[in-house]
Amino acid sequence: MAAFGTSAYAKTIHASKTFEHTCPLANVNSRQISSLRASTSSASHFAGQRVSFKASKCQTSRKAATLSVRAVKDGAVLDRPLRVAVIGGGPSGACTAETLAQSGIETYLLERKMDNCKPCGGAIPLCMIDEFDLPADIIDRKVTKMKMISPSNREVDVGKTLSETEYIGMCRREVLDDYLRQRAKKSGAKVINSLFMKFERPQGEEGPYKCHFNNYDAGGKVGKPDSIEVDVVIGADGANSRVAKEIDAGEYDYAIAFQERIRIPDDKMDYYKDLAEMYVGDDVSPDFYGWVFPKYDHVAVGTGTVVNKTAIKKYQQATRDRSKAKTEGGKIIRVEAHPIPEHPRPHRCKGRVALVGDAAGYVTKCSGEGIYFAAKSGRMAAEAIVAGSQQGKRMIGEHDLRVYLDKWDKKYWATYKVLDILQKVFYRSNPAREAFVEMCESDYVQKMTFDSYLYKTVVPGNPLDDAKLLIQTVGSLLRGNALRAGAKSVSFGSRNDEKVAV
């Protein structure tokens, strides 16, 4: 999910061709293996270390060699490319794999759901389209208008400060993710349709990581047990990351996002052709917002919550109720739910294993943005590996991966911290939400927010306007709190005619 924040944010801010059962030497036949064994006296030296070969059955009934790599010291020169397994093929994993493969690093991208439809608003900033060279057909809709709708159903139009060339891109995750995976594959990454199970840690600090997975490319509904040995593992496997569990990355709070894709009549779809809606209120979420975002031929209606996950369907119904007049007559074509991280994990790196994207916890509070930060973190992690390994020619260590974390924290820590504060201030009660929506009416707030969101840069503010905004914010909060004493019940069109107090 990605959406509209406030000016304080601005200020801080299918797989590949059948991959043979055991990777790099999968096309070596048994005669070649025998010859190889004979020529190496059953073993050889690989990057100054011993390498053994053993035969295993492939899905094509041929024999393939499993490469067993022994210990190599950090910084040691390799006489073969560095080998990296990227677990998870969403934006973070695909961008990691693409950058690694482009630099000549032997890259394996493991992804279970090649047609995954993550429940995600699908909004991406304008800068991502250029920075990640995304084609026009990835974008379903160009949103230039947004309605912020308060608990009392006050509507504020947002987007009037955008230029004719500026917009928020709306995409479907199954389309975006597949495109990025295919691009990684074209760059040389080996994409494996598989479910990662676990990895075996090195014996000491210098050995390889042995990744175990169920290989669906090898056939069968549950896949066939398989494994590869690699030098580095990147966990890009989402909020429920198994890689994170393997390195004891620590727990974190997470939200449940629930979304329904609804195909609505053409006249109603025309209303949403370049418009997105955000609803705030205790009825749609006690700590987040509900949304209606336009897609290719339907709208995505959803909400999320951290503090009351068991009531997510009730919040979803309230979002449906409040948008009913504009989505009535629609047909639900897909229902989706997924956990969304609320803050970075306590530990994001251990040994030669690092986390990126949702697995690392890179989703912003208040706005719920995650796609751009997932792709960016994957690319930054890969760039650190490429630099530390001298384009795959040397072994890396934990200190090389921490270069990525240091750069990430320096660049984005303030953004996450401020949005955390904003969520606590403006999403804590309905009066505070009323103040939030009132603030969004300011042209200054809109310009500062959109400039920062679209381009991911810190936009310098005008001191005088900042002072005015501070006074306006305090005034809005005071007026909002004054509503508590005389709050009236407001109907949001619930099917059960429930009344929700402001």
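Tutor: Cys349 counts as buried because its relative accessibility is 6%, where buried means under 20% relative accessible area, exposed means over 50% and partly exposed lies in between, with a 1.4 Å probe and protein chains only. The model is a predicted one, in which local features need pLDDT of at least 70 and side-chain atom pairs count only at pLDDT 80 or more, while totals for chains, interfaces and linings use all residues. Residues are numbered from 1 along each chain as its sequence is written, and side-chain values use heavy atoms, with hydrogens and water left out.

Cys95 is also buried, because its relative accessibility is 1%. A disulfide is a covalent bond between the sulfur atoms of two cysteines. Here such a bond is taken to be a pair of cysteine sulfur atoms within 2.5 Å, and a search of the whole structure finds 0 disulfides.

Cys95 leads us on to Ala375, for the two are in contact, meaning that they have heavy atoms within 4.5 Å of each other. Once neighbours within four places in sequence are set aside, Ala375 also touches Pro91, Ser92, Met128 and Phe132. Ala375 lies in helix 11, which covers residues 371-388; helices are DSSP runs of H or I with at least four residues, strands are runs of E with at least two, and both are numbered from the N terminus. With 0% relative accessibility, Ala375 counts as buried. Although Ser92 and Ala375 are 283 residues apart in sequence, their C-alpha atoms are 4.3 Å apart in space.
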